[in-house]
Amino acid sequence: MNELVNSFMTGPDEKGRFGDFGGRFVSETLMPLILELEAQYEHAKTDQSFWDEMHFLWKHYVGRPSPLYFAERLTERLGGAKVYMKRDELNHTGAHKINNVLGQIILARRMGKTRIIAETGAGQHGVATATVCAKFGLKCVVYMGAHDVERQQPNVFRMKLLGAEVVPVTSGRGTLKDAMNDALRDWVTNVRDTFYCIGTVAGPHPYPAMVRDFQSIIGKETREQMHEAEGRLPDTIIAAIGGGSNAMGLFYPFLDDPSVNIIGVEAGGKGVNEKMEHCASLTGGRPGVLHGNRTYLLQDEDGQILEGFSISAGLDYPGIGPEHSWLHDIGRAKYVSITDVEALEAFQLCCESEGIIPALEPSHALAHVMKIAPDLPADHIICMNMCGRGDKDIFTVAKALGRDIA
Amino acid sequence: MTRIDAKFAKLRAEGKKAFVSYVMAGDPDVPTSLDLVKGLPAAGVDIIELGLPFTDPMADGPTIQEAGQRALAGHMTLDKTLQMVRDFRADDDETPIVMMGYYNPIYSRGVDRFLSQAKEAGIDGLIIVDLPPEEDDELCIPAQKAGLNFIRLATPTTDDKRLPKVLENTSGFVYYVSITGITGAAEAQAEDVAPEVARIKSQTDLPVIVGFGIKTPAASESIAAIADGCVVGSAIVSEMAKGKAVSEVLDFVKTLADGAHRA
């Protein structure tokens, strides 16, 4: 019997599906482009020179491998399981986003594309894309919801310093999902020279698989580093989820290790209730089709897409990567939600006990660690993904804590 | 034979080109938009494309996005859109209605339930922008089985190798998207479009209708002349957006229809 039959790592299928999720729900104009992208990616994936270039830049430009860090004081304070952090916030540009951007831009260069477009919410993916475009001398256009442009001014300025054009999106409600709509409209208009660099494990096939593959460096390093540190696999791995790219990157290399519990943490906003003031697509949504894939979505009973709500702009997306939807349905990973209030507590605890200012996104993952670690034995190893640093969030946090730093 | 097939047979017999108009259901409210739809056949419209509003219309330009938002702000729903079709059918059993929109509201309703409701209401065909041939099992095949036409978009990026796949499960007519881009953007040029229409017609017997980027009676005439007809959407929707009376908008539609029928 073929061992692969029982693997969770073989997806997606030839239709770009993970179970019933994923697919290629795009207009005909884009269809030839994503088929071309798929062919080029399949070719690059098996080309050693592509990965050689990736690994060189991951090491010398991004600063990989990122450390695996034992959070000793946090572990003591929680009084249970041993807590490790995968330090992807130490990457160049301050988050995991650049792992994926490098891969897509190298691919774009191989395809002869000269103009890169991207969507961004909090601005981390936009900054990473603008950074790599500057490095390679490529034209870069970043679509960003007008509302996010307002609340993320430092990142807007960073992107401009890096030579990118930032387009405030006022269509729809001017948020991340609308930015993605406008990026798709740009792509449909500028099909010949433009490459769309998607920031998360969503969108039409092959994006969810491709972005996962590029982010999987997180999980691969974690496996090796955990073996060095503890001589075994972790018992629980935890990551925050907006679209779900840092989580998929950590989870993927562990999917076939049945001893490893996998937990994704969605943004619960003000609480997962009927008022939909949250971004927990899996906990509070149902399957639908948006942005090229079938996945769990926040939507009303008529199939109209709802806006999410979260203190963290990076989690503020009404959907989730299709592979997460599949892992949720088959039960291989467990998905929980954390509220804004809980994330803020974790944010402060991390600052005080470890000297690390986390982004609000991984603060959600950390908040769940705080919930479960005290009840677990001392030999239980938890690894959470510290996927971004919190410099960008200090104004938001100050406001939430009622302090004036302006 | 659907109303669409019957309409094209009739137009062919008369030696006329088809004029297709798009309007957004429920923009700005149901009574106004129903008045508009009911007036279209007398203004010369051969086939009505009725837009089903969606929050995230990724293939549409600002004009149609905003029309959808106005409709949704007025609490437009799939049920109310179907009811509009029933109300139209009470007086008109001949003019074909094609529902145009995005997949999620239909998927959310449930494909089988939607198809039986659509058929019963009097819808003749579907144009669902985010369902390429690769996803035919979702709605295209079930729709054909239910007796509805599934009208596919062919685009400038659809090359010769891909065209047969696009045409394979298409019925009613082929909608050629004249530009790479979104609705209501660049202006379609007859000299660019003509060879593309010829390319498609060499591979299918279905009528080829050209849309996207047609805004004036002159363009309507020149594009219809090199195809089996043309579609105007954004230009009509933007007249509605100006708050013009339905009768004024219908006068404008008539100039466009006359253009196509002169061709």
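Across the interface of chain A and chain B, 23 residue pairs are in polar contact, both residues of each pair being at pLDDT 80 or more. The model is a predicted one. On the side of chain A that touches chain B, β2 (21–25), α1 (31–45), α8 (176–189), β11 (286–290) and β12 (292–297) of chain A each supply at least two residues. Helix α8(A) gives the largest share of this side, with seven residues. Sorted by class, the residues of chain A that touch chain B comprise 14 nonpolar, twelve polar and twelve charged.

In terms of residues, 38 of chain A are in contact with 38 of chain B. The size of an interface is often expressed as the accessible area lost when the parts come together. Here the area buried between chain A and chain B is about 3000 Å², and carbon and sulfur atoms give 48% of that area. Of the area that chain A buries against chain B, 22% is supplied by Glu28(A), Arg185(A) and Asp302(A), more than by any other three residues. Seven salt bridges are counted between chain A and chain B. One of these pairs Arg17(A) with Glu138(B), and the closest N and O atoms of the two residues lie 3.0 Å apart.

Within chain A, the surroundings of Asp340(A) were examined. Asp340(A) is found in helix α14 of chain A, which spans residues 340–354. With a relative accessible area of 11%, Asp340(A) is buried, because this value falls under the 20% cut-off. Apart from neighbours within four places in sequence, Asp340(A) is in contact with Gly269(A) and Lys270(A), with Phe309(A), Ser310(A) and Ile311(A), and with His364(A). Gln124(A) is 216 residues from Asp340(A) along the chain, and the C-alpha atoms of the two residues are separated by 20 Å.

In chain B, helix α10 covers residues 217–225, and its buried residues are Ala219(B), Ser220(B), Ile223(B) and Ala224(B). Viewed down the axis of α10(B), these buried residues fall within an arc of 120° and therefore line one face of the helix. An α-helix has 3.6 residues a turn, so residues three or four places apart point the same way. The elements of chain B that cover the buried residues of α10(B) include the strands β1 (18–24), β8 (208–211) and β9 (229–232). The helices α9 (190–201) and α12 (246–262) of chain B are also among the elements that cover them.

Technical notes:
Residues are numbered from 1 along each chain as its sequence is written. Chains are lettered from A and ligands numbered from 1 in the order in which they are written. This is a predicted model: local features need pLDDT of at least 70, side-chain atom pairs count only at pLDDT 80 or more; totals for chains, interfaces and linings use all residues. Side-chain values use heavy atoms; hydrogens and water are left out. Contact means heavy atoms within 4.5 Å. Buried area is the accessible area (1.4 Å probe) that two parts lose on being put together, summed over both. A salt bridge is a side-chain nitrogen of Lys or Arg within 4 Å of a carboxyl oxygen of Asp or Glu. A polar contact is a pair of N or O atoms within 3.5 Å; within protein, one must be able to donate a hydrogen and the other to accept it, and residues adjacent in sequence count only if both atoms are side-chain atoms. Helices (H or I, at least four residues) and strands (E, at least two) are DSSP runs, numbered from the N terminus. Ala, Val, Leu, Ile, Met, Phe, Trp, Tyr, Cys and Pro count as nonpolar, Asp, Glu, Lys and Arg as charged, and the others, Gly among them, as polar. Buried means under 20% relative accessible area, exposed over 50%, partly exposed in between (1.4 Å probe, protein chains only). The arc is that of the directions from the helix axis to the C-beta atoms.
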